[in-house]
Amino acid sequence: MDLVNIPALITAVFLLLVLGAVLWYAARVAVPLPEAPSGPPVGALAMERKIIAIVAMIAAMALLFLGYGFREPARQVQAQEGQLDTSIDRGIDNFTSLCFPCHGEKGQGAVVPDVTPERLAPPLNRADLRPTDSDTRTKEYDFIFKTIQRGRPGTPMPTWGQIDGGPLLDEQVNELTLMILNGDRQVMYQGKLATPWEHTADVVNDHVAQGLATLPKQPDVTSQPWYATLNPQQQQGVQVILQRGCGGCHTIPNIPGAQGTIGPNLGPHDQVPPVNQRPMIATFPNGSVPNNSIDDLSKWIMNPAALKPGTAMPTLGLSQDEATAAAAFLYSIGPDGTPGTAGG
Ligand code: HEC
Ligand code: HEC
C-alpha cells in the first residue's frame, strides 16, 4: 500500500525543475566563448562553476531524501500491519487454549460447560464487535478489553487480567481484544492465510483429532418436541437466534441456555405477554418502537439503533431474510411460552 504524499510530490517536481535549470545553465556556461583565452577558467567564471556545482549537488541530495520520504509512510504502515498480525496470532494461541470451551471453536458461542441450569456464552465472531468507523472502534476496543480483563461478575465469564487476579498480562488481553476486533481480517497463521476464526477452528479441530480437546457443546434444539411443529422459516429463525447469540442477552423460553438478562425476556413472564402481543417494544409496555407485525419486528432486529437511537441492543448485521426468520420464530411463541403455539 503506497501512500502518496502531495506536498512532497510538489517539492520534488520543483526541485527537479531547479536541477534541470541549473544543469542547463551550467552546460551553456561550460561552452567557452570564442575569444576566451585558453586554459582553465579563472576569476568570476571559476567561482560561478563552483557555485553551480554546489547548488546542483544540494538539489540532487534533497531529491534523494525526498525519494526515501516517499517510501517511509508506506514502510511504517507495513511495519504496523505486521505487528498487528503478530498480535492476532498470539490471540489465536490463547483463545484456542482458554476461551473456546465456552465461546465455541470458531467464536460462534456454545453451551458453558458444567453449569446448571444450562447457559450459553455469546458468540464473539459478531460483526457488531468489529465496527469500522474509528471512534466506535476505539470504544469497542475498551469494552472488549475491560470485559476480558475484569470478567463479568455474577456470570460464568471469568476474570482474566492479572490486575484482578487472573492469569493474563495486559499485553495478552490486548492481543485477544485485537483478534476479536479484527475477526474478519485475513492473517497468516501457521503458513495459512485465513480469518482468525477460521484459524481457531482449525487449531481446535486438530486438538480434537489428537484427543487433546473435545468440541464445545452446541445447544440441541432439533430434538425438542416443539421443533418439528415449526414451519421452515420459524426453524431457520431458531438457528439464527442460536448463531447470533440472542440468548446471551435475552431469556427465550425453550431455547436451551438462553438465560441472558442484559435485554428483556422474550417469552411471556410475570405480567408481560409473548412478543406477538406487545404492540410497543424497546421496552414493553412503554416502548417507542411499534411491533404490529413480523415485518415490524424484523426491522427492529436488523437495525435497532435506527428505530431507537442510543439503544443498548446492538446491530448484529443480520440479513433481511435472517431477521424475518428470527421475528417469525418469536411471533410463534404462545401464551405458555411454547414455540409454534401462537397460531395464525
Ligand atoms: C467458563 C466460560 C467462559 C470462558 C472460559 C470465557 N468466557 Fe467470555 N463470556 C462467558 C459468558 C457466559 C459471557 C456472557 C456474560 C454476560 O452474560 O454478560 C461472556 C462474555 C464475554 C465477552 C463479552 C461479549 C459481549 O458481547 O458482551 C467477551 C469479549 C468475552 N467473553 C471474551 C472471552 C475471552 C477472550 C475468553 C478467553 C480468555 C473468554 N471470554 C473465556 C463465558 C466464558
Ligand atoms: C448485546 C445484547 C443483545 C443481543 C446480542 C441481542 N439483544 Fe435484543 N435487546 C437487547 C436490549 C438491551 C434490548 C432493550 C432495548 C431497549 O429497550 O432500548 C433488546 C430488545 C429486544 C427486543 C424488544 C423486546 C421488548 O419487549 O421490548 C427484541 C424482540 C429483541 N431484542 C430481539 C433480539 C434478537 C432476535 C436478537 C438476536 C438476533 C437479539 N435481540 C440480540 C440486547 C441484546
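N254 sits in the loop between helix 6 and strand 5 (helices are DSSP runs of H or I with at least four residues, strands are runs of E with at least two, and both are numbered from the N terminus). N254 is not a glycine, yet its phi is positive, at about 70°. This is a predicted model, in which local features need pLDDT of at least 70 and side-chain atom pairs count only at pLDDT 80 or more, while totals for chains, interfaces and linings use all residues. Residues are numbered from 1 along each chain as its sequence is written, chains are lettered from A and ligands numbered from 1 in the order in which they are written, and side-chain values use heavy atoms, with hydrogens and water left out.

**Backbone to check by eye**

- Most residues other than glycine have a negative phi, and most peptide bonds are trans.
- The peptide bond from A282 to T283 is cis, with omega near -5°, and T283 belongs to the loop between strand 5 and strand 6 (289–290).
- A cis peptide bond also runs from F284 to P285, with omega near 0°; P285 lies in the loop between strand 5 and strand 6.

**Around ligand 1**

- The shell of ligand 1 holds 23 residues, and the closest are C99, C102, H103, R152 and M157 (a residue is near a molecule if one of its heavy atoms lies within 4 Å of it).
- By class, the shell around ligand 1 has 16 nonpolar, 4 polar and 3 charged residues (Ala, Val, Leu, Ile, Met, Phe, Trp, Tyr, Cys and Pro count as nonpolar, Asp, Glu, Lys and Arg as charged, and the others, Gly among them, as polar).

**Around ligand 2**

- Ligand 2 has 24 residues around it, of which C246, C249, H250, T283 and M313 come nearest.
- The residues around ligand 2 divide into 16 nonpolar, 5 polar and 3 charged.

**R244 and its neighbours**

- R244 is in the loop between helix 6 (232–243) and strand 5 (280–281).
- The side chains of R244 and E322 make a polar contact at 3.1 Å (a pair of N or O atoms within 3.5 Å; within protein, one must be able to donate a hydrogen and the other to accept it, and residues adjacent in sequence count only if both atoms are side-chain atoms).
- Leaving aside residues up to four places away in sequence, R244 touches P123, R126, L316, G317, L318 and E322 (contact means heavy atoms within 4.5 Å).

**Helix packing**

- Two packed helices are described by the angle between their axes and the distance between the axes.
- Helix 2 (residues 43–103) packs against helix 5 (residues 196–209) at an angle of about 50°, with axes 10 Å apart (axes are lines fitted to C-alpha atoms, for helices over the stretch in contact, and angles run from 0 to 180 degrees between N-to-C directions).
- Helix 2 and helix 5 are therefore oblique to each other (angles under 35 degrees count as roughly parallel, over 145 as roughly antiparallel, 65 to 115 as roughly perpendicular and the rest as oblique).
- The contact of helix 2 with helix 5 has 8 nonpolar, 4 polar and no charged residues.
- Helix 2 also packs against helix 4 (residues 170–181), at about 100° with axes 7 Å apart, which makes helix 2 roughly perpendicular to helix 4.
- By class, the contact of helix 2 with helix 4 has 8 nonpolar, 4 polar and 2 charged residues.
- Helix 7 and helix 9 (residues 320–331) pack at about 120°, with axes 8 Å apart, and are therefore oblique to each other.
- In the contact of helix 7 with helix 9 there are 10 nonpolar, 3 polar and no charged residues.
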